[in-house]
Amino acid sequence: MSKVLILTITLSLLIQPQNLVVAFAAFKDGNWDLYALELETGKVFRLTSHPAEDWDPAFSPDGRKLAFSSRRDGNWDIYLMDEKSNVVRLTSNPHYDGKPAWSPDGRFIAFESFREGDLDIWLMEADGSNPRNLTPDSPAGEAEPAWSPDGRFLAFTSWRFGDKDLFLLELDTEKLIQLTTETTDEYSPSWSPDGSKLAFIREENGRKAIWVMEIESRKAYRITWLSAEDSPVWLPDGRLAFIAYRYDGERLMLGKNPGFLSLPETLLGPAFIRGGLSVSGAFKLSGKEIPALSLKASPPPAYKGALKELKGVKVHDPRLSGAVADSFAYLRERIHREVGYDFLGRLSEAFRPLDFQSEYADYTSWHKAGRAFDLHFDTDRLLIAREEMGGETWWRVYLWCARQDGSCGEPLRQRPWELSYSPGKEGNPGFIPNGYYLDFTRIAREAGWERIPAHQGEDFDWRWDYKALEFWHYQRRDGLIWYKAMEQIHPPGELQKLFSWDRAAEEGVPMHLMKAKGIEVPPDRAYWLKISP
C-alpha cells in the first residue's frame, strides 16, 4: 500500500465526525443508574446496574473511564468504571463525596466533599490517593468543580457571601477570583471547548435559565427561556446539552447555537433523569441497549375494593384506597429507614368523606378518591425550596436526617424558603444550612406520589395566604382521571348523587374542570363543548 494511500486513509479517519455520547443518571425499573445516549443514532445504553443510586457521571479525557458518585457501600463515594464495566472505589470517607471532575490531562479528579463539616472542593489523584481540601477556609458551601481546558483553573459555585456565586481558583497560585456578584444564584459551571466561555445556571425566585459568560470581558448573556433548565455541558462543536425540567418529566435537550435565541432540539424525554451530564467521543459503549426511557405508565388494572386503614398513622381518618395503600406503606417505611424517624406516621389529612366541603378545599379532591395525603408540617425537621415550572410555583420538601454521619441524604444545596418571611414579597431569603437532608419529594415521586403546584390567583394566592402553598399535598393518580378513580371505591349511585354536573356546578367547580375530572356532561349542557375560539 502506498504512503499516499495510507496518509489519505489516516486523514479520513481523523476527520470523521465523533460518535458523541452523553452520559446521565436516570430512574428506571425502580432504581437510579447511569445511561448514555448516542447522539448519532439516538440509542440509549445502560452503563450501571447496581441496586444503589449511581449519579454524576464524568468521562475521563481519553474516554476510557467513567467516574461517578454512588451509595453502593452505604454512603456517597466516588467510583471509577472502565470500558469493560469493571468498577473500583476511589474514596472511602464515611461522609459525602460526589460530583467528580477530571483534570484535562487525566491525572487528577476534583470533587465535592462534606468530610470537614461543610461542602468543600477537594482534589485527589486519579487513583484516589492524596486527597486535599482546596477551600478549607470557608465555612459555607463550595460545590460543582469544573476544570478549564488548559488545566489552570477550577470553576465552582460558593455561597460564602449569602447567595450562590461563581468563582475561579487558579491552581498554581491558589488565587481566588469571583466571577459573579449579582443577588441571584449562579451554579453548575461548564467550560466551552476553547476555554473562552463559561456556561452556568442563573436562578431567581425559583426560575432557572442557562447563561454564558465570556471569561475575558465578564460579559454574560442568557440563552434559554424555558425557566427550568439545569446541568449545561458543552459539545466539541460549541453546542450545549442540558436538562429541561417540566411537571410531566425531564427532557434532555440540545441547543442549536448558544450565541442566539433558538428552539432547542429534544434528544430524550419525558423521562425521570438528572444531571450532571458528561460528553465523550471516545468511550466504547459496552452497556446494554434499552428501549427509550419514558415516564409513560401502563394502564392501571381495574380495582374494585374498599378503603384500607393505614395502621399506626395518626390522622383524623387513616384510610386510603386499597389500590395505593401499599404504596404509601412502602414510602412510609423507606422514609423511616432513611431519616431515622417515622415522618409519615403522622399526617394532617388522608381520606375525606364524599360530602366534605371547605372554603379552601377542592370539592372534587383526590382525598375523596383515597389517593392523597397531606404532610404534617408542624415540625422543625422539614424544609421547603421553591421551584418554577410551566409558569407555576412548586415546592420541594427536604427532611433533616437524624443520623448526621453521611449514611443518610446529602448536603443541602438549594436555599430553603423562609416560611416566616413577610407575605406579599418576592424573593427567597433563606440561607443554606450545613448538614444532611433527604429529598422527600424525590423519594415520593419514585414511589409514584406526585406533588401539586401552589395556588396562585386573584382570590387565593400563596404569596399572601399560607393555606395556598400546598407543599404538604401528595397524590397518586396512576393515569386515572378523577371520576374513574372514585368509581374504584365508591358506589355509582352515591357518586351520581353527589357529583353530578349540576351538583358540581353548585359547589363552584368550573365547567372545563368538571370535564377534565371525568364528570358526565348532560346532553342539554353539551352545547358549550362546541364553542371554539
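Me: Which residue of β22 is the bridge partner of A241?
Reply: That's L254. Strands here are DSSP runs of E, at least two residues long, and helices are runs of H or I of at least four, both numbered from the N terminus.

Me: Before I get carried away, what kind of model is it?
Reply: It's a predicted model, where local features need pLDDT of at least 70 and side-chain atom pairs count only at pLDDT 80 or more, while totals for chains, interfaces and linings use all residues. Residues are numbered from 1 along each chain as its sequence is written, and side-chain values use heavy atoms, with hydrogens and water left out.

Me: Good. Back to β22, how many bridges join it to β21?
Reply: Five, and β21 (residues 240–244) runs antiparallel to β22. For two strands to pair, DSSP has to find at least two bridges between them. The hairpin of β21 and β22 has five residues between the strands, and G249 there takes a positive phi near 130 degrees.

Me: And which way does β22 run relative to β23, parallel or antiparallel?
Reply: Antiparallel, with four bridges joining β22 to β23 (residues 265–271). E250 stands opposite A271 in that pairing.

Me: How many residues of β22 are buried?
Reply: Six of the six in 250–255, so the strand is largely enclosed by the rest of the structure. Buried means under 20% relative accessible area, exposed means over 50%, and partly exposed is in between, using a 1.4 Å probe and protein chains only. E250, L252 and L254 point one way from β22, while R251, M253 and G255 point the other way.

Me: Zooming out, how many helices and strands does the protein have?
Reply: Seven helices and 35 strands. Of the 533 residues, 53% count as buried.

Me: Which residues touch the most other members of the largest nonpolar core?
Reply: L331, F373, L375, F440 and W449, out of 68 residues in that core. Helix α2 gives the largest share, five residues. There's another core apart from it, of 24 residues, including V22, L235, Y245 and M389. A nonpolar core here is a set of buried Ala, Val, Leu, Ile, Met, Phe, Trp, Tyr and Cys residues joined through side-chain atoms within 4.5 Å.

Me: What does L375 touch?
Reply: Leaving out residues up to four places away in sequence, L375 touches F343, L344, S348, L382, V397, F440, F471, W472 and Y474. Contact means heavy atoms within 4.5 Å.

Me: Switching to charges, how many salt bridges are there in the whole structure?
Reply: The search finds 40, each a side-chain nitrogen of Lys or Arg within 4 Å of a carboxyl oxygen of Asp or Glu. One of them joins K99 and D56 at 3.6 Å, N to O. K99 lies in strand β8 (residues 97–102) and D56 in strand β4 (residues 54–59), so the pair ties together parts that are 43 residues apart in sequence.

Me: Are K99 and D56 buried or exposed?
Reply: Both are buried.

Me: Which residue does D342 meet in a salt bridge?
Reply: R332, at 2.7 Å, N to O. D342 is in the loop between α2 (325–339) and β28 (347–349), and R332 sits in helix α2, ten residues apart. D342 is partly exposed at 29% relative accessibility, whereas R332 is buried at 17%.

Me: And D362, what does it pair with?
Reply: K517, with 3.4 Å from N to O. The two are 155 residues apart, D362 in the loop between β28 and β29 (372–375) and K517 in helix α7 (residues 511–517). D362 is partly exposed at 33%, but K517 is buried at 8%.

Me: Which residues are linked in a network of salt bridges?
Reply: E53, R71, R334, E338, R442 and E446.

Me: Last one. Where is S138 found?
Reply: In the loop between β11 (132–133) and β12 (142–147), and S138 is buried, with a relative accessible area of 7%. Its side chain makes a 2.8 Å polar contact with that of E142. By polar contact I mean N or O atoms within 3.5 Å; within protein, one must be able to donate a hydrogen and the other to accept it, and residues adjacent in sequence count only if both atoms are side-chain atoms. Leaving aside neighbours within four places in sequence, S138 is in contact with D118, D120 and R160.
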